[in-house]
Amino acid sequence: VATVMFLVAMAGATLYLGKPAVFAFGNQLWGATEDYVLLSIPLYILLGEVLVRGGATDKMYRSLADWLNALPGGLLHTNIGASALFSAVSGSSVATAATISTIALPTFKSRNYDQRMVLGSIAAGASLGNLIPPGIAFLVYGAMTNTSAGQLYAAGVVPGLIMTLIFMLTIILISWWKPELTGANI
C-alpha cells in the first residue's frame with residue numbers, strides 16, 4: 001500500500017509539477033532532517049535507558065526518599081523530585097512517567113497512600129520532562145525555528161524549578177488539608 005501511494009504521488013507530482021520539482025524533493029527532505037541538534041534526541045533517550053538498566057534510577061529514588069520523606073506528604077515529594085531529576089537527563093515526559101512509575105508504584109503498594117494522589121504526583125512530575133532542559137520539545141522547536149537550543153535551555157530552567165516547587169507545595173497543602181490521602185510518614 002505504501003509503495004503504491006508513493007508511486008502515485010510521484011507520478012502526480014511529475015505530471016503536475018514537472019521533473020525539476022520532483023528531483024528537488026529529495027534534497028529538501030534530506031536538508032530538513034540533517035540538523036545536528038536533532039541527533040541529540042535519541043542520545044538523551046539512550047542515556048535515560050542506560051540509567052534505568054544500570055539501576056541508577058532506583059538508587060536516585062531511594063536517596064530522594066530518605067531526604068524528602070520528612071516533608072508532609074512523604075513519598076509523594078519523592079515522585080516529584082525524582083521526576084525532575086530524571087527529566088534533566090532524559091528530556092522526555094513519556095520516559096519520565098514510565099521510569100518513575102516503574103520505580104514508585106511498588107513502593108506505594110505497601111503504604112497507606114491514596115492511589116489518585118500517587119498517580120497524580122507521577123503524572124505531574126512527568127510533565128516536567130518537556131519543561132526541564134534538555135526537553136525534547138526545546139530541541140524540535142529550536143530546529144524548526146532556527147532558535148538556539150542553549151538559549152531555550154536557559155529559558156526553561158527557572159520555570160522548571162518553579163513548577164517543581166509548586167507541585168511540592170501543592171502536596172504539602174493537600175497533606176495538611178486531608179492527611180488521610182498522603183499516608184503515614186515512615
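Mentor: Start with a rule: a polar contact is a pair of N or O atoms within 3.5 Å; within protein, one must be able to donate a hydrogen and the other to accept it, and residues adjacent in sequence count only if both atoms are side-chain atoms. This is a predicted model, in which local features need pLDDT of at least 70, side-chain atom pairs count only at pLDDT 80 or more, and totals for chains, interfaces and linings use all residues. Residues are numbered from 1 along each chain as its sequence is written, and side-chain values use heavy atoms, with hydrogens and water left out.

Trainee: What does the side chain of Ser90 reach?

Mentor: The backbone nitrogen of Ser92, at 3.3 Å.

Trainee: Why is Ser90 called buried?

Mentor: Its relative accessible area is 2%. Buried means under 20%, exposed over 50% and partly exposed in between, with a 1.4 Å probe and protein chains only, so Ser90 is buried. Ser90 touches Tyr44, Ile45, Ala95, Thr96, Pro134 and Ile136, leaving aside residues up to four places away in sequence; contact means heavy atoms within 4.5 Å.

Trainee: Where is Ser90 found?

Mentor: In helix α5. Helices are DSSP runs of H or I with at least four residues, strands are runs of E with at least two, and both are numbered from the N terminus.

Trainee: How do you know that the span of α5 agrees with its number of residues?

Mentor: The expected span is 1.5 Å times one less than the number of residues. For the 16 residues of α5 (75–90) that gives 22 Å, and the end C-alpha atoms are 22 Å apart, so the two agree. Of these 16 residues, 13 are buried. Just after α5, Gly91 has a positive phi of about 75°.

Trainee: What makes Glu49 and Arg53 a salt bridge?

Mentor: The rule asks for a side-chain nitrogen of Lys or Arg within 4 Å of a carboxyl oxygen of Asp or Glu. Here the N to O distance is 2.6 Å, so the pair meets the rule. Both residues lie in helix α3 (40–54), four residues apart, about one turn of the helix. Asp114 and Arg116 form a salt bridge too, with their closest N and O atoms 3.3 Å apart. The count comes to two salt bridges.

Trainee: Are Glu49 and Arg53 buried, partly exposed or exposed?

Mentor: Glu49, at 36% relative accessibility, is partly exposed. Arg53 has 70%, so it is exposed.

Trainee: What makes a set of residues a nonpolar core?

Mentor: They must be buried Ala, Val, Leu, Ile, Met, Phe, Trp, Tyr or Cys residues joined through side-chain atoms within 4.5 Å. The largest such core has 25 residues, and those with the most contacts inside it are Leu76 and Phe108. Its largest share, six residues, comes from α5.

Trainee: How is the bend in α9 defined, and where does it fall?

Mentor: The bend at a residue is the angle between axes fitted to the seven residues ending there and the seven starting there. In α9 this angle is about 25° at Gly156, and a proline, Pro159, follows within four residues.
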